[in-house]
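Here is a protein chain to look at.

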Amino acid sequence: DKVPGGEGAMAAATACSTEEVSHRRHIQETAVSVRQHLACDGCVAAVLLPWEGVGGPPDGILAPKSSGDMLDAEDVARVMREARTVLVPCTFGQPEEVAAAHRIIPQLGSLQVRGSDGSGPAVFLVQLLPAGVQAGPTTNDYILELYDSMLATGA
């Protein structure tokens, strides 16, 4: 027996999960790029959602272990040993990511940077556009709403 609306609902679920995978892949690729190119400048990357893929995030990238978690304190201490700057690529295209930012950004901001005046690291959210969103007259207001949400995290 067929489930009413089954094909349409399945297509919508597939599109949603494909879009989510695309968001995470873009975010994770950006975090890897930050780590590869800026590590020697005292910069680390963090992501707001659990790392997708076998083995967790590469060395030097912070990620919560599972949804709803803060960053692991031991991971943070190890990765932040020589860091003064944290770049957090994100889209804010998913409510789960926004909620995670409100937990994790204050956690990162409360750290003390080794050898500094006791202040925390500089934490920057790197606004990536959600898949399919292009800057332009019809999307600028949406992009600014995402930006305002990012500022509300305290970064």
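The questions below take the terms one at a time, for a model that is predicted.

Q: What makes up the protein chain, and in which pattern along the sequence?
A: The protein chain has four helices and four strands. Read along the sequence, they follow the pattern α-β-β-α-β-α-β-α.

Q: Why is Ile 105 called buried?
A: Its relative accessible area is 3%. Buried means under 20%, so Ile 105, at 3%, is counted as buried. Ile 105 has its place in helix 3. Of the 155 residues of the protein chain, 37% count as buried.

Q: What does Ile 105 touch, leaving out residues up to four places away in sequence?
A: Ile 105 touches Leu 48, Val 88, Val 123, Leu 125, Thr 153, Gly 154 and Ala 155. To be listed here, a residue needs heavy atoms within 4.5 Å. Between the C-alpha atoms of Ile 105 and Val 88 the distance is 8.9 Å, and the two residues are 17 apart in sequence.

Q: How much of the contact in the protein chain is between residues 24 or more positions apart?
A: Among contacts with a separation of 6 or more, 62% are between residues 24 or more positions apart.

Q: What makes a set of residues a nonpolar core, and which residues have the most contacts inside the largest nonpolar core?
A: The residues must be buried, belong to a list of nonpolar types, and be joined through side-chain atoms within 4.5 Å. The largest set of this kind has 23 residues, and Leu 48, Leu 62, Val 86, Val 88, Phe 92 and Leu 108 have the most contacts inside it. Elements that give two or more residues to this core include strand 1, strand 3 and helix 4. Helix 3 gives the largest share, five residues. A second, separate core has eleven residues, among them Ile 27, Ala 45, Ala 63 and Leu 128. In soluble globular proteins, nonpolar side chains tend to be buried together.

Q: Why do strand 1 and strand 2 count as a pair?
A: Pairing needs at least two bridges. Ala 46 has Leu 62 in strand 2 as its bridge partner.

Q: What is the order of the strands in the open sheet, and which are the edge strands?
A: The four strands have the order 2-1-3-4, with parallel pairing. Strand 2 and strand 4 are the edge strands, as each pairs on one side only.

Q: What makes a space a cavity or a pocket?
A: In a cavity a 1.4 Å probe fits but cannot get out, whereas a pocket is open. The structure holds one cavity of 30 Å³ or more. The largest cavity has a volume of about 60 Å³, and its lining includes Arg 24, Leu 48 and Glu 97. Helix 1 gives three residues to this lining, the largest share.

Q: Which residues are closest to the centre of the largest pocket?
A: The largest pocket holds about 170 Å³ of space. Of its 14 lining residues, Gly 56, Pro 57, Ala 63, Lys 65 and Asp 75 are the closest to the centre. Strand 2 and helix 2 each give two or more residues to the lining. By class, the lining has eight nonpolar, two polar and four charged residues.

Definitions and conventions:
Residues are numbered from 1 along each chain as its sequence is written. This is a predicted model: local features need pLDDT of at least 70, side-chain atom pairs count only at pLDDT 80 or more; totals for chains, interfaces and linings use all residues. Side-chain values use heavy atoms; hydrogens and water are left out. On a 1 Å grid over the protein atoms alone, a cavity is a set of points where a 1.4 Å probe fits but cannot get out, and a pocket is an open set with protein on both sides within 12 Å along at least five of seven lines; lining residues have an atom within 4 Å of a point. Grid points are joined across faces, edges and corners, and a volume is the space filled by probe spheres set on the points. Ala, Val, Leu, Ile, Met, Phe, Trp, Tyr, Cys and Pro count as nonpolar, Asp, Glu, Lys and Arg as charged, and the others, Gly among them, as polar. Buried means under 20% relative accessible area, exposed over 50%, partly exposed in between (1.4 Å probe, protein chains only).
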